[in-house]
Amino acid sequence: MSSYTVDEGMQITLHFSLLLEDGTEVDSTREQVPAVFVYGDGNLPPGFERAIKGLGVGESGQFAITPEYAFGQYNPQNVQQLKREDFDQSIELEEGLVVSFADPTGGGELPGVIKSMDGDRVEVDFNHPLAGRTLTFDVDVLDIVPATTH
C-alpha cells in the first residue's frame, strides 16, 4: 500500500464519476479501466485536481466543482452564426451534431454543437457541453506513485 498522497509529481490512478446537479452521471470510469494521470499535467481541470490534493490510496471523496473551476462559465459569445457554405457540403447538418473547425489560434480542432438552422444560417455553440454547470466529482483513489519522466 502506497504512503504517497495526491500532489505535484505524482502519478494517480483513480476511478471517478462526474455528476450533474440533478445526479445524472455524465462520465465515469467505474465500469472501465481506471483513469491514470500525473498531477498538474493539464489532463484534469485545476478545480478537480485541487479537490483531490492530499488524498491517499484507498481514500474516496465527493466534491462539488463550480463552473469556474471545471469547464468555465457559459459564454453567449461562443455561440456563432455561420453560413451553410462554411461547412463541408457532404455533411448532413442537424441540430445536436458536433462539428469541428480548425482553431484560429492554430491550437488544433475546435468542436461546436449545431444549435439551430434557419435557411442558409447555422447557429453553432462552441461552449464546452458542461460549461456553466456545477459538477460533482466522485473519486476513489486506487494508486499513487512518483511520476517517471523519460
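Reader: Over how many bridges do strand 6 and strand 7 pair?
Author: Two strands pair if DSSP finds at least two bridges between them. Strand 7 covers residues 109–118, and Ser 100 stands opposite its Pro 111. The pairing with strand 6 is antiparallel, and the count is five bridges.

Reader: Before going on, what kind of model is this?
Author: Residues are numbered from 1 along each chain as its sequence is written, and side-chain values use heavy atoms, with hydrogens and water left out. Local features need pLDDT of at least 70, side-chain atom pairs count only at pLDDT 80 or more, while totals for chains, interfaces and linings use all residues: this is a predicted model.

Reader: Which strands stand at the edges of the open sheet?
Author: That sheet has four strands in the order 5-8-7-6, paired antiparallel. Two of them have a single partner strand each, so one side of each is left without a neighbour: strand 5 (79–83) and strand 6 (98–102).

Reader: And what is the average twist from one strand to the next?
Author: Axes are lines fitted to C-alpha atoms (for helices, over the stretch in contact), and angles run from 0 to 180 degrees between N-to-C directions. On that basis, the average twist in the 5-8-7-6 sheet is 45°.

Reader: Moving to strand 1, which residue of strand 9 stands opposite Ser 17?
Author: Strand 1 (residues 10–19) runs antiparallel to strand 9 (residues 135–146), with ten bridges joining them. Ser 17 also faces Ser 28 in strand 2, the strand joined to strand 1 by three bridges. In strand 9, the residue opposite Ser 17 is Asp 138.

Reader: Which residue in the hairpin turn has a positive phi?
Author: Strand 2 (residues 25–28) runs antiparallel to strand 1. The two form a hairpin with five residues between them, and the one with a phi of about 90° is Gly 23.

Reader: With which side chain does His 15 make a polar contact?
Author: A polar contact is a pair of N or O atoms within 3.5 Å; within protein, one must be able to donate a hydrogen and the other to accept it, and residues adjacent in sequence count only if both atoms are side-chain atoms. At 2.9 Å, the partner of His 15 is Thr 29.

Reader: How long is the polar contact between Ser 90 and Asp 88?
Author: Ser 90 lies in the loop between strand 5 and strand 6. Its relative accessible area is 67%, so Ser 90 is exposed. Its side chain contacts that of Asp 88 at 2.6 Å.

Conventions:
Buried < 20%, exposed > 50% of the residue type's maximum accessible area, 1.4 Å probe, protein only.
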